[in-house]
Amino acid sequence: MANHLQFPERNSAYVATFDKGDLALPPAKKYIVVSCMDARVEPAGQLGIELGDAHVIRNAGGSAKEALRSIIISQRLLGTREIAVFHHTGCGMLLFSTDQLRQVVKDAEPDNHAVSEHVDKIEFLEFGHLEQSVKDDVKFLQDNPLVLKGTTISGWIYDVTTGKVSSP
Ligand SMILES: [Zn+2]
């Protein structure tokens, strides 16, 4: 299965020079990056994150709301104390609404009641405005009682056309 991806073959190049097998479980620099799953986004390279430094939590849009489960685990069990939320230009989350996506899923299987029932429970957390979406996510974390008090929280935008990061 998935042999076309050739993971073992390509991994052997990584293994050949790998020398970080003694890193500790908690992130050394005690921070979290929340970022989009977009294939053009690569937080480690773009932000200079070394292996073992940080938790990078990725999902569609870089949603802080969806990342909350992982953030709680990261803060309470693994000692992180700073959160940086990254959204990016050209994000797919600017292009559809939850209602539209629910309809796409339902239309694919119009007679399947279970599909309809389940997808109606999912909020896809799309956004209409990039800068505002970052500010909203920062505020969501600042106001959330499950995020540790005193956590440094910042919001950022990554530009997929220039590779640059900026504040919204
Ligand atoms: Zn995106």
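Biologist: Which helix gives the most to the lining of the largest pocket? And how should I read "pocket" and "helix"?

Modeller: The search uses a 1 Å grid over the protein atoms alone: a pocket is an open set of points with protein on both sides within 12 Å along at least five of seven lines, while a cavity is a set where a 1.4 Å probe fits but cannot get out; lining residues have an atom within 4 Å of a point. Here the leading contributor is helix 6 (residues 130-143), with four residues in the lining. Please keep in mind that this is a predicted model, where local features need pLDDT of at least 70 and side-chain atom pairs count only at pLDDT 80 or more, while totals for chains, interfaces and linings use all residues. Residues are numbered from 1 along each chain as its sequence is written, and side-chain values use heavy atoms, leaving out hydrogens and water.

Biologist: What volume does the largest pocket have, and which residues line it?

Modeller: A volume is the space filled by probe spheres set on the grid points, which are joined across faces, edges and corners. For the largest pocket that gives about 190 Å³. Its lining consists of S63, K65, H87, L125, E126, F127, S133, D136, D137 and F140. For the classes, Ala, Val, Leu, Ile, Met, Phe, Trp, Tyr, Cys and Pro count as nonpolar, Asp, Glu, Lys and Arg as charged, and the others, Gly among them, as polar. The pocket lining then splits into four charged, three polar and three nonpolar residues.

Biologist: Let's pick one of those. Is S63 buried or exposed?

Modeller: Buried means under 20% relative accessible area, exposed over 50%, and partly exposed in between, with a 1.4 Å probe and protein chains only. S63 counts as buried because its relative accessibility is 7%. This serine is in the loop between strand 2 (54-59) and helix 3 (64-78). A contact means heavy atoms within 4.5 Å. Leaving aside neighbours within four places in sequence, S63 is in contact with V34, H87, L125 and D137.

Biologist: L125 turns up there too. What is the phi of L125?

Modeller: Most residues other than glycine have a negative phi. L125 has a phi near 60 degrees, a positive value in a residue other than glycine. Its place is the loop between helix 5 (113-119) and helix 6, and it is partly exposed at 24%. K30 also has a positive phi, near 55 degrees. K30 is found in the loop between helix 1 (7-17) and strand 1, and it is partly exposed at 46%.

Biologist: Now the metal. Which atoms coordinate the zinc ion?

Modeller: Donors are N, O and S atoms within 2.8 Å of the metal (3.2 Å for Na, K and Ca), and water is not among the atoms, so sites may look incomplete. The zinc ion is coordinated by SG of C36, NE2 of H88 and SG of C91, at 2.0 to 2.3 Å. Along the chain these donors follow the spacing C-x51-H-x2-C. H88 lies in strand 3 (residues 82-88) and is buried at 1% relative accessibility; C91 is buried at 3%.

Biologist: Where does UniProt place the feature "binding site"?

Modeller: UniProt positions are given in the numbering used here, feature names are shortened, and annotations may be inferred rather than shown by experiment. The unreviewed entry places "binding site" at C36, D38, H88 and C91. These positions are spread over 56 residues of sequence, yet they cluster in space, with a largest C-alpha distance of 8.8 Å. D38 is in the loop between strand 1 (31-36) and helix 2 (43-47), and it is buried at 14%. Neighbours within four places aside, D38 is in contact with R58 and H88.

Biologist: How many cavities of 30 Å³ or more does the search find?

Modeller: The search of the whole structure finds one. The largest cavity has a volume of about 40 Å³ and is lined by S35, V41, P43, Q46, L47, F86 and Y158. Helix 2 gives the most to that lining, with three residues. By class, the cavity lining has five nonpolar, two polar and no charged residues.

Key
Helix = DSSP H or I, 4+ residues; strand = E, 2+ residues; numbered from the N terminus.
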